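User: Hi, I have a new model open and would like a walk through it. Can we keep it brisk?

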Amino acid sequence: MAQRIFTLTIYLFRSLLYSLPGLLYILATLVLWRVLFDPTQGTPELSYYTLVIGLFGAGVTFLVTLSVAGRAYRAANYPLLARLPSRVEHLTAVLGASLLFAVLLQLLLALLALFRGPSLATVQALEIPPLWLAVDILAAVLALHASDLVTTGWSRVFLYSLLALFLFGRSLEGGPTSWAAQRAMAAAGWFLGHNLLGFSDLFMGIGRWLSSAGNSVVDQLFGLPFWPFEAMTDAIRSGAFTSAQALAPAILLLYAAVLFILAADLFASKDLFLTE
Amino acid sequence: MITLSNVTKRYYTLVAVDDINLTIPRGEVLGVLGPNGAGKTTLFRLIAGFLNPDRGEITPQNGVWPTLGYKPEQLLFPARMRVRPYLEMVANLANIPRAQVRERVSESLARVRLEGAAQKNIGDCSKGMRQRLALAQALLGRPSLLLLDEPTNGLDPEGQDDICRVIEELRADGQTVVLSSHQLHEVTRVCTELVILKQGRVHFRSSMEAALTLRPHVVIRSDSDLSDVSAILTSLHPQITVYDNQVSLEDEAIQLRRHVLSVLVGAGHDVVGVEQKRATLEEIYAEAVQWHNVSSR
């Protein structure tokens, strides 16, 4: 199994490397280095270095994974897929090739940014890669769900709608419960203005109930998925991790593992109509 | 080796494979015939596991899925790869030990007579070379089941002969092969079992040997037009037909050949030939796809 996954990983990696998109990714990395870490300007702070390259890693991993997944979904791969006892080996190779390519780009940017960049102590240099890698892996798995390779029916719409819902809930001022309470109160006022007292009372009741619920479980639920990102960002800014914050990369890997299992299940059971 | 039980596959409203029951016997070369759109490629993709049946099931007979070598109909290969590295990659996927990869790839290239193109870029290969390459990759690792979707499509007669020779060798080695083709003479030459599909359904299923002994008939040829005795001859048996200077006797009517001969001689016709014939694959195919009745074993 390891030999097959390794063979496919190298094949997909080379297929992207020797293509126009592969060249464009490398050029884009160089351009971003020039823009984000202009060597003619002052030395960037370590937190800036870590966060910006981490963000770049997540973005580039997402895009690279989409590119690799597109290549893995070509009809030329039918004979290769026929050789595999499990389709999950193919998916694992896609993930492996994407991460390899993206991490190399991230490493390129990280090394270039060290030119007139922040000086890194060995401990700091060892702290950073696990953070970047956890985010990269999650970005890669999310990209798999966005690709034709994995998506089945409306699966990507459901997943990204859920993600959008969480993002929307989190972005609301005062949390989703407070937002819903305000909307209920506004609706109650509108019904009152139209002499629909029954509805007005109903919405007033809902608004009061939601207001009294305060920082409810719902609010916490909406914030929970994003806690690892906040924890990591806070820790990088402050320059040290608390014991709780140190768990954040592991939580991200847990998300990635769950999403990868879901992706493997979708890919293993879907009809393959590889593109010609 | 593999059994398909009541397998149906739909693409939205189109039924591509319709309630197929089929067993792929071990060590046989099964030819799948049918007009375009009959469901051959869908059947291959179902067997290869790329598609899931909407109804029915595909099961291995001894509980273990066979290893597969698949040659798709379309000759698509990874871009910017050379022939040998491509085959080495397939060899690695076929679990061939690393130490044997080069040797096995060379064997495979030699088998399809592609040694000269080993270092050629696949993109620069002719259609014939790509067809051979597709077969070479399918053969690597000696998979227990070979699925060859139109293996000779686009090849010149020499190339077709080469591919048939390879399949004959595989048959002699006891390899299980499922192949589709529109070249009926090839199917007659290499296949031991035959399935004819039409509109997703199996319209004919037989061993090749049995298929080629179907519908025996005798043709009696005279040197002159037989319209004067046509009515007499056709009244003898419904399976006697008269056309120009020929009389054809099918199945049970063959037993009346002596009587037919005596009628012809009595009427003053000279008999110039009597031939015993069997149905050709072309005839069987034509009747099957036109949904005529063809008896099978």
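User: How many Å separate the centres of domain 1 and domain 2 of chain A?
Analyst: The centres are 33 Å apart, taken over C-alpha atoms. Domain 1 of chain A covers 2-150 + 243-269, and domain 2 covers 153-240. These bounds come from an automatic or database domain assignment. This is a predicted model: local features need pLDDT of at least 70, side-chain atom pairs count only at pLDDT 80 or more, and totals for chains, interfaces and linings use all residues. Residues are numbered from 1 along each chain as its sequence is written, while chains are lettered from A and ligands numbered from 1 in the order in which they are written.

User: How many residues does each domain of chain A give to the contact?
Analyst: Domain 1 gives 13 residues and domain 2 gives 11 residues. Two residues are in contact if their C-beta atoms, placed from the backbone, lie within 7 Å.

User: Which elements of domain 1 of chain A give two or more residues to that side?
Analyst: They are α3 (46-72), α6 (122-146) and α12 (248-269) of chain A. α12(A) gives the most, with 5 residues. Helices (H or I, at least four residues) and strands (E, at least two) are DSSP runs, numbered from the N terminus.

User: What classes of residue are on that side of domain 1?
Analyst: The side of domain 1 of chain A that touches domain 2 has 9 nonpolar, 4 polar and no charged residues. Ala, Val, Leu, Ile, Met, Phe, Trp, Tyr, Cys and Pro count as nonpolar, Asp, Glu, Lys and Arg as charged, and the others, Gly among them, as polar.

User: Now the two chains. How many residues does the contact take from each?
Analyst: It takes 19 residues from chain A and 20 residues from chain B. On the chain A side, α1 (2-17) and α4 (78-82) each supply at least two residues. That side has 11 nonpolar, 4 polar and 4 charged residues.

User: Let's switch to backbone angles. What is phi at N195(A)?
Analyst: Phi of N195(A) is near 60 degrees, a positive value in a residue other than glycine. Most residues other than glycine have a negative phi.

User: Where does N195(A) lie?
Analyst: N195(A) is in the loop between α8 (175-193) and α9 (197-213) of chain A.

User: Is N195(A) buried or exposed?
Analyst: N195(A) counts as exposed because it has 8 C-beta neighbours inside 10 Å. A residue is buried if 20 or more other C-beta atoms lie within 10 Å of its own, exposed if 12 or fewer, and partly exposed in between; C-beta atoms are placed from the backbone.

User: What about phi of R113(B)?
Analyst: R113(B) is not a glycine, yet it has a positive phi of about 55 degrees. R113(B) lies in the loop between α3 (101-111) and α4 (127-139) of chain B. R113(B) counts as partly exposed because it has 17 C-beta neighbours inside 10 Å.

User: Why is helix α1 of chain B largely enclosed by the rest of the structure?
Analyst: Because 8 of its 9 residues (residues 40-48) are buried. Among them are L43(B), F44(B) and I47(B). Just after α1(B), G49(B) takes a positive phi of about 90 degrees.

User: Last one: how many helices and strands are there in chain B?
Analyst: Chain B has 10 helices and 13 strands. Its C-alpha trace spans about 80 × 45 × 35 Å along its principal axes. Buried residues make up 41% of the 297 residues in chain B.
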